[in-house]
Amino acid sequence: MLEYLLIQGKNDRMEDADRLAEFCLARQKATPTSQPAYVNLIPFNPTPAGTLRGYESPSEERVSAFHERLRVQHGINSLIRWSSAEGRDTAGACGQLMLTTQEPADPAVSAA
């Protein structure tokens, strides 16, 4: 199983779907006893750090087209992992769990 984070304008184009499919098929060919590839597509969920870097969520249409390209054109099993509005609002959606501080962790606390 692969997790693939879709970021608008960074890796959500049809060419990116084609490259991802090529990777999955090559991996499957290299290890014929393994299960067929399965890809969880995770649309980027906004975070302050992502916003600072210019990352945005792709549109639903773009995500659906990417998903369709993998499934129909390349035969790759995949699922879109949409996060709920509640998860996004509380910064608990896929890809949003992070520290909210820039301060280094206290080694004494992490050792406990």
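Hi everyone, let's start with a definition: the expected span of a helix is 1.5 Å times one less than its number of residues. Helices here are DSSP runs of H or I with at least four residues, strands are runs of E with at least two, and both are numbered from the N terminus. What we are looking at is a predicted model, where local features need pLDDT of at least 70 and side-chain atom pairs count only at pLDDT 80 or more, while totals for chains, interfaces and linings use all residues. Residues are numbered from 1 along each chain as its sequence is written, and side-chain values use heavy atoms, leaving out hydrogens and water.

Now to helix H1. At 1.5 Å a residue, its 17 residues should span 24 Å, and the end C-alpha atoms are 24 Å apart, so the two agree.

Which residues of H1 are buried? By buried I mean under 20% relative accessible area, with exposed over 50% and partly exposed in between, using a 1.4 Å probe and protein chains only. They are Asp16, Ala17, Asp18, Leu20, Ala21 and Cys24. Their cover includes strand S1 (2-6), strand S2 (38-43) and H3. As a reminder, an α-helix has 3.6 residues a turn, so residues three or four places apart point the same way.

Next, the two helices together. The axes of H1 (residues 14-30) and H3 (residues 60-73) come within 9 Å and cross at roughly 35°. Axes are lines fitted to C-alpha atoms, for helices over the stretch in contact, and angles run from 0 to 180 degrees between N-to-C directions. Contact means heavy atoms within 4.5 Å. On the H1 side, Met14, Asp16, Ala17, Asp18, Leu20 and Ala21 meet Arg62, Ala65, Phe66, Arg69, Leu70 and Gln73 of H3.

On to the sheet. It is open, has 3 strands in the order S1-S2-S3, and its pairing is parallel. Two strands pair if DSSP finds at least two bridges between them. S1 and strand S3 (77-80) are the edge strands, each pairing on one side only. From one strand to the next, the twist averages 25°. S2 and S3 run parallel and are joined by 4 bridges; tyrosine 38 has asparagine 77 in S3 as its bridge partner. H1 packs on this sheet, touching S1 and S2, and its direction makes about 170° with that of S1. H3 packs on the sheet too, touching S1, S2 and S3, at about 165° to the direction of S3.

Last stop: isoleucine 42, in strand S2. Its relative accessible area is 11%, so isoleucine 42 is buried. Isoleucine 42 and glutamate 3 are 39 residues apart in sequence, and their C-alpha atoms are 7.1 Å apart in space.
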